Amino acid sequence: MVGNILVGLVALIHLYIVYLEMVLWDTPRGHKAFSLTPEFASASKVLAANQGLYNGFLAAGLIWGLYLGEAGFQIKVFFLLCVAIAGLYGAATVGRKILFIQTVPSVLALIVLWLGW
């Protein structure tokens with residue numbers, strides 16, 4: 001039960017990231033969230049939308065796993081691992097903040113899910 005709640009929270013985090021990258025990227029809120037200059041945000045808007053789409057697929061996979069209930073265990077594990085790895089890569093290449101936004105919640109959800117809580 002707690003594991004599924006954490007999976008749902010990771011999915012919600014990624015839906016918010018989708019919104020930031022696809023809708024708010026070129027706004028003051030997007031600039032603040034990603035430490036962007038208006039010029040860079042404008043020039044990279046299409047790339048950010050593409051990145052947002054990928055984050056949407058991660059959220060969709062987690063939601064799919066939740067929808068399947070117990071039968072979705074492996075799907076949830078797979079997509080949580082994808083989120084954790086993406087977070088590690090983002091932390092190494094973009095900023096350590098990503099480690100705490102993506103990797104820590106996904107690893108915590110993985111542990112709790114694996115323990116059957």
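**View 1. Helices H1 and H6 at their crossing.** The axes of helix H1 (residues 2–22) and helix H6 (residues 97–115) come within 8 Å and cross at roughly 160 degrees; axes are lines fitted to C-alpha atoms, for helices over the stretch in contact, and angles run from 0 to 180 degrees between N-to-C directions. The model is predicted: local features need pLDDT of at least 70 and side-chain atom pairs count only at pLDDT 80 or more, whereas totals for chains, interfaces and linings use all residues. Residues are numbered from 1 along each chain as its sequence is written, and side-chain values use heavy atoms, with hydrogens and water left out. Helices are DSSP runs (H or I, at least four residues) numbered from the N terminus. H1 and H6 are therefore roughly antiparallel (an angle over 145 degrees). In H1, the residues that meet H6 include Val2, Leu6, Val10 and Ile17, where contact means heavy atoms within 4.5 Å. The residues of this contact comprise 12 nonpolar, five polar and no charged; Ala, Val, Leu, Ile, Met, Phe, Trp, Tyr, Cys and Pro count as nonpolar, Asp, Glu, Lys and Arg as charged, and the others, Gly among them, as polar.

**View 2. Helices H1 and H4 at their crossing.** The axes of H1 and H4 come within 8 Å and cross at roughly 160 degrees. That makes H1 roughly antiparallel to H4. Among the H1 residues in this contact are Gly8, Ala11, Leu15 and Val18, which face a set in H4 including Gly52, Gly56 and Ala59. The contact of H1 with H4 holds 15 nonpolar residues, seven polar and one charged.

**View 3. The largest nonpolar core.** This core has 15 residues, and those with the most contacts inside it are Val7, Val10, Leu62, Leu80 and Ala109. A nonpolar core is a set of buried Ala, Val, Leu, Ile, Met, Phe, Trp, Tyr and Cys residues joined through side-chain atoms within 4.5 Å; buried means under 20% relative accessible area, exposed over 50% and partly exposed in between (1.4 Å probe, protein chains only). Two or more residues come from each of H1, helix H4 (45–67), helix H5 (73–93) and H6, and H5 gives the most, with five. Beyond its neighbours within four places in sequence, valine 7 is in contact with Leu62, Leu66, Lys76, Leu80, Ala109 and Leu113.

**View 4. Two loop residues, serine 35 and glycine 69.** Serine 35 lies in the loop between helix H2 (28–34) and helix H3 (38–43). Phi of serine 35 is near 55 degrees, a positive value in a residue other than glycine. Glycine 69 belongs to the loop between H4 and H5. The C-alpha atoms of glycine 69 and asparagine 4 are 8.7 Å apart.

Notes: Parallel < 35°, antiparallel > 145°, perpendicular 65-115°, else oblique.
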